[in-house]
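Me: Hi! I'd like to go through this one with you, starting with the pocket. Could you take a look?

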Amino acid sequence: MANRFKATLTWGDVTPEHVFLNRRSFMAGASALAVSGIGGPALAAKYSTDEEPNAWDEITQYNNFYEFGTGKSDPAEYAGALTTDPWAVEIDGMVDKPGSYSFKDIMAAMTVEERIYRFRCVEAWSMVIPWNGFELADLLNMAGVQSGAKYVAFETLLRPEEMWGQKRNFVPWPYREGLRLDEAMHPLTIMATGIYNKPIPNQNGAPLRLVVPWKYGFKSIKSVVKITLTDTQPETSWNMINPREYGFYSNVNPNVDHPRWSQASERRVGGGLLAKRIPTPMFNGYGDEVASLYEGMDLTQDY
Ligand SMILES: Nc1nc2c(c(=O)[nH]1)N[C@H]1C(S)=C(S)[C@@H](COP(=O)(O)O)O[C@H]1N2
Ligand SMILES: [Mo]
């Protein structure tokens, strides 16, 4: 990225509860600041949705994190058992500088920004989440991606003593995910380290988790400990469980139904049980940014 600024103004600064600025003035403020040379909010505005974010309690109490159980309230109840400090990410495979990168060293090197993204689970519920995080590309560039690399594989921590679901549930542990290199390097792809300017709670994937907003939520792997650059498409947990239902790409696509339910619409969490479902847009609404990555592909076959 040519222009990198430290984000100096965040959601918390522009929308304190008692001085709620409407979204138009948020955007206007962002461009005014951009002109003045303070880049942070302009960057945030460039990639963030202006939809109303979900409440902290919705984001942190309705979760999928099967390491702590399969119920939506299990992660909030059990993920406190996870030790997240110290934490390190092993970056290996086709990189110039393989090794163990401590979370502290990573944070010292990265520029954290706010990104307010739509988040669409394959189960057809959705939220709007104000993440704090850094671009995955910056982390990969720190390790130095070698020219032959084509894919990035990710793994979650394997620690059944603290993650009881790893002793029982059916997922092939450790939970693993993967992206094509160009997807991984895309500026929308972030490693999230916070929500609402607070450190990311354990149930949301502390201390750092992937967020790929145009793909179904299961691609956004939590509590990452390993990142491997490779020239072959990596195995991914949900694809291993059921390849017909969960493809490697898993781009949000209202035209390709899950074999057991429609993907044409979604339920926005927090809207109440009687709230109308909303239509699901192609690529979760990020088509302008990412459709070109899939030019020439048949997305009904490469789902
Ligand atoms: N390690 C790990 N990562 C995971 C999961 C999981 O079970 N284990 N669930 C995925 C699914 S299905 C979804 S929808 C999102 C949920 O993220 P959230 O709880 O922060 O909303 O995390 C994804 N990442
Ligand atoms: Mo999901």
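Reply: Happy to! Strand β4 (residues 125-135) gives the largest share of the lining of the largest pocket, four residues. Strands here are DSSP runs (E, at least two residues) and helices are runs of H or I with at least four residues, numbered from the N terminus.

Me: Before we go on, what should I know about the model and the numbering?

Reply: This is a predicted model, where local features need pLDDT of at least 70 and side-chain atom pairs count only at pLDDT 80 or more, while totals for chains, interfaces and linings use all residues. Residues are numbered from 1 along each chain as its sequence is written, chains are lettered from A and ligands numbered from 1 in the order written, and side-chain values use heavy atoms, with hydrogens and water left out.

Me: Thanks. Which residues lie nearest the centre of the largest pocket?

Reply: Asn 64, Phe 65, Tyr 175, Gly 217 and Phe 218, out of 27 lining residues. The lining divides into 17 nonpolar, six polar and four charged. Ala, Val, Leu, Ile, Met, Phe, Trp, Tyr, Cys and Pro count as nonpolar, Asp, Glu, Lys and Arg as charged, and the others, Gly among them, as polar.

Me: And what counts as a pocket?

Reply: On a 1 Å grid over the protein atoms alone, a pocket is an open set of points where a 1.4 Å probe fits, with protein on both sides within 12 Å along at least five of seven lines; lining residues have an atom within 4 Å of a point.

Me: Where does ligand 1 sit?

Reply: Ligand 1 takes up the space of the largest pocket, meaning more than half of its atoms lie within 2 Å of the grid points.

Me: Which residues come nearest to ligand 1?

Reply: Of the 17 around it, Asn 63, Tyr 66, Glu 67, Thr 156 and Lys 222 come nearest; "around" here requires a heavy atom within 4 Å. That shell has eight nonpolar, six polar and three charged residues.

Me: What does Glu 67 do there?

Reply: A polar side-chain atom of Glu 67 lies 2.8 Å from a nitrogen atom of ligand 1. Tyr 66 has a backbone N or O atom 2.7 Å from a ligand oxygen atom.

Me: Switching topic: which peptide bonds are cis?

Reply: One joins Asp 85 and Pro 86, with omega about 10 degrees. Another runs from Trp 173 to Pro 174, with omega near -5 degrees. Pro 174 is in the loop between α8 (165-168) and β6 (176-180).

Me: Why point those out?

Reply: Because most peptide bonds are trans.

Me: What about the phi of Tyr 196?

Reply: Near 50 degrees, a positive value in a residue other than glycine. Tyr 196 is in the loop between β7 (190-195) and β8 (198-199).

Conventions: Polar contact = N/O pair within 3.5 Å; in protein donor to acceptor, adjacent residues only side chain to side chain.
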